[in-house]
Amino acid sequence: MAGRNMEPKKNPMPVQPPEERRRNFSEVALGYTPEQAASEAARCLHCKNKPCVEGCPVRIDIPAFLERAAEQDFSGAFQVLSQASSLPAVCGRVCPQETQCEARCVRGIKGEPVGIGRVERFAADWQAAQGEKSPVPPRAGEKAPKIAVIGSGPAGLSCAGELAKNGCAVTIYEALHTPGGVLVYGIPEFRLPKDIVRREIEALEELGVTVVTNAVAGRSLTIDELLEEYQAVFIGSGAGLPRFMNIPGENLKGVYSANEFLTRVNLMKAYEEGSSTPVQRPRRAVVVGGGNVAMDAARCALRLGAEEVSIVYRRSMEELPARAEEVEHAQEEGIVFRLLHNPVEIAGDENGWAVSVKCAQMELGEPDPSGRRRPVEIPGAFAEVPADCVIMAIGTSPNPLLTRSTPGLETQRWGGIVADEMGRTSRKGVYAGGDAVTGAATVILAMGAGKTAAQAILEDLEGARNEG
Amino acid sequence: MYRILKKEALNPTVTRMVVEAPLVARRAQPGQFIILRVDEKGERIPLTIAGYDREKGTVTIIFQLVGASTMALGRLEEGDFIQDFAGPLGTPSHTQGLGKVAVVGGGVGCAIALPIAQKLHQEGAEVHAIVGFRSKELVILEEEFRAASQKYILMTDDGSAGEKGLVTTALEALIQGGEGYQQVIAIGPLVMMKFVSALTKKYSIPTVVSMNPLMVDGTGMCGGCRLTVGGKVKFACVDGPDFDGHQVDFDEAIARSSAYRSQEGRAREEHCNLFQKEVSG
């Protein structure tokens, strides 16, 4: 084994300098060199009880892949990764490792944890750069069970990958014209290059997965129709309809949901010359919300040329739900954080365009049921923030298309699909996972749910075979 | 990829296309729409379904050349392919159980109104079609409307065909003449739908309008198609496109429809110039 690296800090991730990257859509983090990746991997202590694995929703054997990476056997490292994960190049970039695997790392007690995500990213990119395909298991035979997957986001891709590896014939139905779900319409190019998503989907297609685009489940086809042709259906349809605040002025021109703004920019490539999809080039943009989606929208607005972009959030920095790294990157790029501000009205000009956001100023009161201190308005204290573009990034509510068209599919009161911890719904043969079940969460949690549901599908198929 | 089986010009700026799209055709209903992308770099544009043949797996669309995307679509010929074609989207129009209905169509909106008139006609309703155009050269679907209605009234702005005047004038005359409509269905430019709704409100006749706002995905995800109906925010793609005309905030919808007008105008000019060069060269 290579010598252990006892440096208390992670090898720093090379990045594009903030003053350059704030005006381009190229990836911010540039990735390790092979030496940096091996050196970082050598920081792993190879604990016997592997606490990091417990922190990973898809249970990657982290010490095993780090061991190979430390020996510069990156192909071997990739093999370990791909046994558990269908999308290692994606997860290495967008997983919140700091609250998952890295949060459990023993090295984190007296220094920084091992940069697990950074090494994962390196191994996946290294494998892709070799141009050699990972060994492909035999394609599903004629008698293979046929499974339909609705949605090609992280939940659907992970479910499809797991099923295909286990000999199922999987067809993914995607409503949009390009597969990838939130990985292509939501997460921007500078955080997750779309070539990488395409590569991961191609890898699934090599496993025998079929992807049908422009197929809107609940409209073009129903779950009951699919059940006639397939032995099981997995629903990974994602988060759904954007929420608005229901404040005056929200339907002015220049006011977007984060979904719309990000879709125009990321999926439709509105920032590129030659794209026929228009998007406003904001001068002063206000993004309402404090999650990762808000950070993505703010940084996109900046890259479209905005002079000033601010995040308006009703709590303080401490409660900001976005990943620390995203907040840091946004700050470095010059995004202004207007904390303890809550929009109450958007003012417009005579042509119906937004001109400013009136915000109530807030202070933190007693903790609410979520344990976070509740923001309360300071009576009479308001701030007027000039803005020709206002982006609402305050979450989503479930899409009713599928549940309305599927009799007997139980939903929560708030509209999410009811599923047990294995992803089984109230309908036999119908499974669900990801944001459609939990409400807006992370890529890796959706992937974990997709993988778990795939295991449930395999178990239930096996059970049915034994009974029959 | 979706093959264009048939293409014909209905007037100098309005084209009808029959497209091979079995997944759309099998569940399509009047009042629903599709979203298409002409090519790899194309934007997603919503177009209402103007007809369908489930057996042949085809869907008919009728569109007006208004921007760069519809112009690019208009340049495709029979045998060519449309990159993407998704649907059916939106909630089908409600037609069942209606007795006497006035179907009011304006301009290219008539293409959307026709399948609804046809369905009503098939279901045994008495259909009065009132259609309006700027002038004689722009009149479309006259035969089809006549075949699907008991009464057909053609209005033009300049009087070059049918009666001179607006559809609202004709509708009001019919109402005052004692035609007791159970419902009015108005499909056309926002301004037309606004004034038809204002008129029928005066006479307390339930009125349905078909909204066609800007949208991106058409499945509820973007919220770009939102409008205010009865003081509440609705998404045209999921809750509509049909809404109660007496409840729609038309002024807001009109303002929102112009969000990208300057960018569209620029794109149109660039394309027109290109086109002229091709012609003269």
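Biologist: Which residues in helix 12 of chain A are buried?

Modeller: The model is predicted. In helix 12 of chain A, the buried residues are Ala258(A), Asn259(A), Glu260(A), Phe261(A), Leu262(A), Thr263(A), Arg264(A), Val265(A), Asn266(A) and Leu267(A).

Biologist: Why is helix 12 of chain A called largely enclosed?

Modeller: A residue is buried under 20% relative accessible area. In helix 12 of chain A, 10 of the 10 residues are buried, so the rest of the structure largely encloses this helix.

Biologist: What follows helix 12 of chain A?

Modeller: Lys269(A) follows, with a positive phi near 55°.

Biologist: What makes strand 6 and strand 13 of chain A a pair?

Modeller: Pairing needs at least two bridges. Strand 6 and strand 13 of chain A have 3 bridges, in the parallel sense, and therefore count as paired. Val255(A), for instance, has Val390(A) in strand 13 of chain A as its bridge partner.

Biologist: How many bridges join strand 7 of chain A to strand 13 and to strand 8 of chain A?

Modeller: Strand 7 and strand 13 of chain A pair in the parallel sense over 4 bridges, with Val286(A) opposite Val390(A) of strand 13. Strand 7 (residues 284-288) and strand 8 (residues 308-313) of chain A run parallel and are joined by 5 bridges. Ala285(A) has Val309(A) in strand 8 of chain A as its bridge partner.

Biologist: In what order do the 5 strands of the open sheet in chain A stand, and which are the edge strands?

Modeller: The order is 6-13-7-8-9 in chain A, with parallel pairing. Strand 6 (255-257) and strand 9 (336-339) of chain A are the edge strands, since each pairs on one side only. From one strand to the next, the twist averages 20°.

Biologist: Where does helix 12 of chain A pack on the sheet?

Modeller: Helix 12 (residues 258-267) of chain A touches strand 6 and strand 13 (389-392) of chain A, and its direction makes about 85° with that of strand 6.

Biologist: Which way do the residues of strand 13 of chain A point, and are they buried or exposed?

Modeller: Cys389(A) and Ile391(A) point one way, Val390(A) and Met392(A) the other way, and all are buried. In a regular strand, side chains alternate between the two faces of the sheet.

Biologist: Why is the aromatic pair of Phe25(A) and Tyr271(A) called stacked?

Modeller: Ring centres must lie within 6.5 Å to pair, and planes under 30 degrees apart count as stacked. Phe25(A) and Tyr271(A) are 3.8 Å apart centre to centre with 10° between the planes, so the pair is stacked. Both residues are buried. They are 246 residues apart, with Phe25(A) in the loop between helix 1 (18-21) and helix 2 (34-41) of chain A, and Tyr271(A) in the loop between helix 12 and strand 7 of chain A. Ring pairs also bring Phe190(A) into a cluster with Phe25(A) and Tyr271(A).

Biologist: What sits over the ring of Phe190(A)?

Modeller: The charged end of Arg303(A) does, 3.8 Å from the ring centre.

Biologist: Why is Thr95(B) called buried?

Modeller: The limit is under 20%. Thr95(B) has 4% relative accessibility and therefore counts as buried. Thr95(B) is found in the loop between strand 7 (84-89) and strand 8 (100-106) of chain B.

Biologist: What makes the approach of Thr95(B) to Lys119(B) a polar contact?

Modeller: The cut-off is within 3.5 Å. The side chains of Thr95(B) and Lys119(B) make their polar contact at 3.4 Å. Thr95(B) also touches residues including Ile116(B), Leu120(B) and Glu123(B).

Methods:
Residues are numbered from 1 along each chain as its sequence is written. Chains are lettered from A and ligands numbered from 1 in the order in which they are written. This is a predicted model: local features need pLDDT of at least 70, side-chain atom pairs count only at pLDDT 80 or more; totals for chains, interfaces and linings use all residues. Side-chain values use heavy atoms; hydrogens and water are left out. Helices (H or I, at least four residues) and strands (E, at least two) are DSSP runs, numbered from the N terminus. Buried means under 20% relative accessible area, exposed over 50%, partly exposed in between (1.4 Å probe, protein chains only). A polar contact is a pair of N or O atoms within 3.5 Å; within protein, one must be able to donate a hydrogen and the other to accept it, and residues adjacent in sequence count only if both atoms are side-chain atoms. Contact means heavy atoms within 4.5 Å. Axes are lines fitted to C-alpha atoms, for helices over the stretch in contact, and angles run from 0 to 180 degrees between N-to-C directions. Rings of Phe, Tyr and Trp (its six-membered ring) pair if their centres lie within 6.5 Å; planes under 30 degrees apart count as stacked, over 60 as edge-to-face and the rest as tilted. A charge sits over a ring if NZ of Lys or CZ of Arg is within 6 Å of the ring centre and within 35 degrees of the ring normal. Lists of a residue's contacts leave out its neighbours within four places in sequence.
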